[in-house]
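Please read these notes alongside the model. They take the chains in turn and end with a helix pair.

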Amino acid sequence: MHLGFRTQQRISHTFGLLLMGLVLLVVLFPIYWMLLTGFKPSNEIYKLPIKLYTANPTLENARNLMKVTPFLTQLRNSITVAFVAVSIAVVAAALAGYSLSRLEFPGRDFMASAVFFTYLIPGTMTLIPLYVMLARMGLLNSLHCLVIAYLAGALPFSVWMLKGYFSTIPMELENAALIDGCNRLQALYKVILPLAGPGIVSCAIFTFTLSWNQYMLPMIFNNTENLWTLPVGLAGLVYGDVFLWGEIMSGAFLMSIPVLALYVLGQRFVVSGLTAGAVKG
Amino acid sequence: MTPTDRAAGPAGGAAVLPRRRFRIREQTFIGYLFLAPAAIILLIMVGYPALAGVWYSFNSKMLGFEQYHFVGLGNYVSLIKDPRVLKAIGRGFSYATISCAVKLAIGMGVALLLNMRFRGRGLARGITLLPWSLPEIATVLLWTWMFNDIYGVLNTVLLKTGIIGSPINWLGTKWAFPSVILVNIWRGFPFFAINLLAGLQTIPEEVYEAASMDGANRWQAFWNVTLPGVRTVMLIVTLLSFIWTSNDFTSIWVLTHGGPAQATETFPIVTYELAFIGLEMGKAAAVPVLLMPFFSVLIVLLVKAVSGRED
């Protein structure tokens, strides 16, 4: 039988919606499971058969996580490292981005390519010498080494993005400020930065997520749990003698909150920042 | 303000513009001054280690020992003769190839779905991006827990629906490799979907109308209009994802530690094991250098694709 065009279209639309529902289920179910486990009482977590819901949600896991594991210390480490890394990255990237996009000097294009090149060097290549170098400098087992390592990871992209962003801001605005007697730093601070808000926010969010999520470097550089950040601390709870899945899942949920909040709040900024930086004028 | 600053200021003293030669010197000075913080950090933390890594790969450097000596290609010879390393390199590439192929296929399908007109489309796009935007460690721990052979929800659901007859020890048997690939796909497909969706949105509606006027059916329209329209985006996301996936350490390490019996060991894992468990820093440093030519080719392709798209 030959179906009419409209009917055919309706069938394929309905089929599409069903598939969409399936995709959302595959995405959401694991996340639901994280939340559920985080709020399930432990006697239900380890009771067979597993139930797909709980009638007795509890904060026991989160409380336990904060009491019996160094979660709060590690949370403080994570916040400290991310905060310092973001502050330095924004300042250094804004200065470098300004320099590479607004000033003319010999070697500028070479420096710009060099920054881009550092973005492409894989982390596995630098890891071992970095470890040896930090060991010699006596910086292992500290939060300092994490900050500078994260800066190295965040700066190439941030500099490159802000360079692109700054070059979309009309030169005339800045020239006016310079003629009015501003020096370069004042011009950057008073004219360029206020206009580059989305670019700066993207740079801050990028550096924050990179620092907040990094697992390998703190795991390798720091060997005491009081100097770990949240990812290493939480993963460390997996291989103990006792199952702490309720605690781990509530920790995973807690550490996801700031990232999701930034993602939701910053989405508009990030999107406009990235497109503005990428579009050639 | 110091005298130099005043002299270097563009409007120093009088309200006249400085002479041209003077201005260039000022820009050079300020240019390098502003560049310095970022440049110094990158030089010390990326530039030097990258070169030192190449140097180490020609030396017998052991972790915890200061002395080392030049061994030429010794580390490379021992790498190529080490079946464990060779297997890890092969496994790393099959991990990345399989993951990326599936992520590309699913990502394309989901991009098409998200491009349909329906209520709540914006929300659906936001939800689809969740696995990608959640912290990696949170999702990897979540999957470790779901894979648990006794209390894991995956076995519970599959047993209940009758898909499997007895519980599977996902991360402790031959299932470990497909399992780590599954986690990578779940985390990574939204990156493909969202970027391909952005690519789809750049294809003008008129092209589809023209195609259907010419009598093209849906499949032909997809093959002749949609795919060519997103070809560059496909190339860029696939290359990027391939580089990231093959260098992925965290998710495999947390899920399986490379086990059982090295069944999920890829080259980042074997590099870590050689360096920090075997203490053979020189040999470990040679692994990324050995793979560098291959990744350089991918990076050159990537840079070409990206700059080609911008022009």
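**Notes on the two chains**

1. Of the 311 residues in chain B, 38% count as buried (20 or more other C-beta atoms within 10 Å of the residue's own; exposed is 12 or fewer, partly exposed in between; C-beta atoms are placed from the backbone). This is a predicted model: local features need pLDDT of at least 70, side-chain atom pairs count only at pLDDT 80 or more, and totals for chains, interfaces and linings use all residues. Residues are numbered from 1 along each chain as its sequence is written, while chains are lettered from A and ligands numbered from 1 in the order in which they are written.

2. Chain B has 14 helices and zero strands (DSSP runs numbered from the N terminus: H or I of at least four residues for helices, E of at least two for strands).

3. Along the principal axes, the C-alpha atoms of chain B fill a box of roughly 85 × 70 × 35 Å.

4. Chain B splits into domain 1 (3–56) and domain 2 (74–310); the bounds come from an automatic or database domain assignment. The C-alpha centres of these two domains of chain B are 41 Å apart.

5. Chain A is assigned domain 1 (5–58) and domain 2 (62–278). Their C-alpha centres are separated by 34 Å. Eight residues of domain 1 of chain A are in contact with seven of domain 2 of chain A (C-beta atoms, placed from the backbone, within 7 Å). On the domain 1 side, α1(A) gives the most, with four residues.

6. Between chains, 61 residues of chain B are in contact with 76 of chain A. Helix α2 (residues 20–56) of chain B supplies the largest share of the chain B side, 20 residues. That side has 46 nonpolar, 13 polar and two charged residues (nonpolar: Ala, Val, Leu, Ile, Met, Phe, Trp, Tyr, Cys and Pro; charged: Asp, Glu, Lys and Arg; polar: the others, Gly among them).

7. How do α4 (residues 83–114) and α11 (residues 218–246) of chain B pack, and at what angle? The angle is about 145 degrees, with the axes 9 Å apart (lines fitted to C-alpha atoms over the stretch in contact; angles run from 0 to 180 degrees between N-to-C directions). The contact residues of α4(B) and α11(B) divide into seven nonpolar, six polar and one charged.

Note on methods:
Two residues are in contact if their C-beta atoms, placed from the backbone, lie within 7 Å.
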